Amino acid sequence: MLYRENGQFKTTYRGDQQIFPILQDRWFVFAVLLVAFVGIPLFASEYLFRAILIPFIILSLAAIGLNLLVGYCGQISLGSGAFMAVGAYAAYNFFVRIPGMNLILAFVLGGLCAMLVGVVFGIPSLRIRGLYLAVATLAAQFFSDWIFSRVAWFTNNSSSGSVSVPQLSVFGISVSTPVEKYLFCLTLVSVFALLAKNLVRGHIGRSWMAIRDMDVAAEVIGIRPVHAKLTAFAVSSFYIGVAGAMWAFVHLGSWEPLAFDVNRSLNLLFMIIIGGLGSVMGSFFGAAFIVILPILLNRGPEWLGIPISTAAATHLEFMIFGSLIVFFLIVEPHGLARLWSIGKEKLRLWPFPH
Amino acid sequence: MRQTNRFKLAVAATAAAGALAAALAPSPALAQAREQFFPMLVYRTGAYAPNGVPFANGMHDYYKMLNARDGGINGVKITTEECETGYATDRGVECYERLKGKGPTGATVFQPLSTGITFALTDKVPIDKIPLITAGYGRSESANGKIFPWNFIMGGSYWVAADILVQHVGEKLGGMDKLKGKKIALVYHDSPYGKEPIALLEERSKQLGFDLQLIAVTHPGVEQKAAWLQIRRDRPDFVFLWGWGVMNSTSIKEAVATGYPRDKMYGVWWSGAEPDVVPAGDGAKGYHALTFLAPAGRGKVHQDIIKYVHDKGQGTGPKDEIGQVLYNRGMVSAMMAVEAVRVAQERFGKKSLTGTQVRWGMENLNIDAARIKAIGFEGFMQPLSTSCTDHMGGNTAQIETWDGSNWTVAPKVYQADMQILKPLIDKFAAKYAAEKKITPRDCAKDVE
């Protein structure tokens, strides 16, 4: 009734091609942004920021990055933890070795380093595909685990292999309280999400999708697979690298290579599978599912006033979380993003479905 | 029809998520009660649970005993809440955020029992003004209280442990100069925990001329064939084991398989508990480990725990766990926090204290032999006294040996050589301060 595009006529190509062609969608997005930038900082508690919102936003960015590669270009990667680690350690080295380094510049340089590594590990994708590629990218994971814990130079010769960063500030504005960190992450992620959305709507994104859907056919119509696959690896690793730098600098503050182990890669892959492959929106849903749900499940018994031991609560968390993943994959193999769009379709007809 | 159901489901799920998100806001602080809140970061699941569980139970039982016997600390009731970290740093940070604001005055002290979590929390505690006790683990350089005002590495650091092990093997060979040309292999858990002793061992190997081999074992440590192949090839004179959880028992089993003599193996104090040797069966006989603060056994305090807690059916774990190494160590860790609160109460009054006040207590702790006896810990720890500059307070340990069913503790008490440790602590602390742009605290000025 309220949500329908009747009467919204597009008279220009520009108007027809915008990201959210329906007026109500635009309102909705502005409302979400308004709540995220103004509403939440006014009301949320420190716990909500530090333990839930900041990790959620940062991992959303990593999920968007991985989604560009897996969801849009169809190249399965298990090396995202490694690219996060490269981003984090590269940004760290730029930050501590160059005095007066700008934080955002360090993040971008970290992302660029991750991009280079991503392209190198993306080269096998030219010859192998599918599960074989996944195994090849897994090599990136083990390589990064090894190099960051073995080569002391990367950790600035820290005795324990754990590094930490000083107080952060951007252009003279300090980024130390939870609210500041949250807004900082949110700003970066909003910008990157917008870029990603536009990238996948443009010719690069279309060439990725063509490769994903059928690479031989794509080649026949004039898309260069080398170019398409490597750009997908490059852009994806850049995003993941920046997310890794943010995860390390803003969320953890001090970290060791273990923070980016193979579990992180698998986590990110689950996020985009559950959230929805080939959907920027789905990356956010998936990140929310993987980051927030375990914490909710863990704290559930406590809120409901059920006395239960810590170990039992944790075991319950694993069981329920695992079965929910299975449940969602059976009910909606295309992920939460698909549920979202089905919901919107229904809303268009509501309340007269016939 | 199917589609409609699915949509309903989605709406319901969204609504439920929204409701839960609203509930996520922390519950309002309780009315000001005479309570002292001790948060507990524990791990009862995962690869390290066999070691995490007895430690947590020991802490719990001690708090429960004080509540039942004395009504808390001088009448201020102890409240606790557990949070499961699974030994994972990110989960530990979430737990910290979850628990730090609870209780009438916020969290009293955090004891994460994980060097990785300690590293992450070291950056957070100065902002929230909550002390961090890391009894026998964590950053070795945090013994320097001027640069790490909120870290308390009570009773000993990994540098203390490594130094004592070097002293012991030197003595066994008949003098420290005999170590020249000998080979010592460090088999370590590949994490900040396992890497901590390297700095000191390198320093010592330069000074004494022994050859140090570093052999890393990746988390969780069930796969060590490569490490022990290297040991079989190089035949080091001694093996120092820096493992945790399932890695320890695996190492001992691998030593049996490799034929490496167990009496040439020395574990750090976290590699010297029952769960580490029992799975290896008879093969573990003759294995040595360090012990600090609390060897196995039962004393007066255990009788009180049995009487006031376990006999009333309030015990946290099984009764036969009482007196095990890790149980005792958990108990002693809890005791140190409680003693600090006691000291602080003398100055600030017998009420709920804030983190800053408790820190004062920790910096003025003096647990001497008489006090150890008074609280029933006789034979379970060495005296400990801290100051604003020295947050370690003790640097002694003994060597214990597994005889197949019990740990026998050799009487000699070793003391780490502070001539070597002190410069190292100051060097690394200064590096940390430079990285973090910290101005060292002026200990002459008493804070609060």
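A residue is called buried here if 20 or more other C-beta atoms lie within 10 Å of its own, exposed if 12 or fewer do, and partly exposed in between, with C-beta atoms placed from the backbone. The model is predicted, with local features needing pLDDT of at least 70 and side-chain atom pairs counting only at pLDDT 80 or more, while totals for chains, interfaces and linings use all residues. Residues are numbered from 1 along each chain as its sequence is written, and chains are lettered from A and ligands numbered from 1 in the order in which they are written.

**Exercise 1. A helix with two sides**

Task: Find which residues of H13(A) are buried, and name what they pack against.

Solution. Start with the helix itself. Helices (H or I, at least four residues) and strands (E, at least two) are DSSP runs, numbered from the N terminus. H13(A), residues 310-331, has 22 residues and reaches 31 Å from its first C-alpha to its last. That is close to the 32 Å expected at 1.5 Å a residue, where the expected span is 1.5 Å times one less than the number of residues.

Next, pick out the buried positions: A:Thr310, A:Ala313, A:Thr314 and A:Glu317. They lie on the same side of H13(A), because they cover an arc of only 95° around the axis; the arc is that of the directions from the helix axis to the C-beta atoms.

Now look for the partners. The buried residues of H13(A) pack against helix H12 (280-303) of chain A, together with strand E1 (35-42) and E2 of chain B. Contact means that the C-beta atoms of two residues, placed from the backbone, lie within 7 Å.

The face away from the buried side carries exposed residues, namely A:Met319, A:Gly322, A:Ser323, A:Val326, A:Phe327 and A:Ile330.

**Exercise 2. A strand and its neighbours**

Task: Work out which strands E5(B) pairs with and how many of its residues are buried.

Solution. Two strands pair if DSSP finds at least two bridges between them. E5(B) pairs with strand E6 (residues 211-217) of chain B in the parallel sense over seven bridges, and B:His189 stands opposite B:Val217 there. E5(B) also runs parallel to E7(B), joined by five bridges, with B:Tyr188 opposite B:Trp242.

Then check the surroundings. Six of the seven residues of E5(B), residues 183-189, are buried, so this strand is largely enclosed by the rest of the structure.
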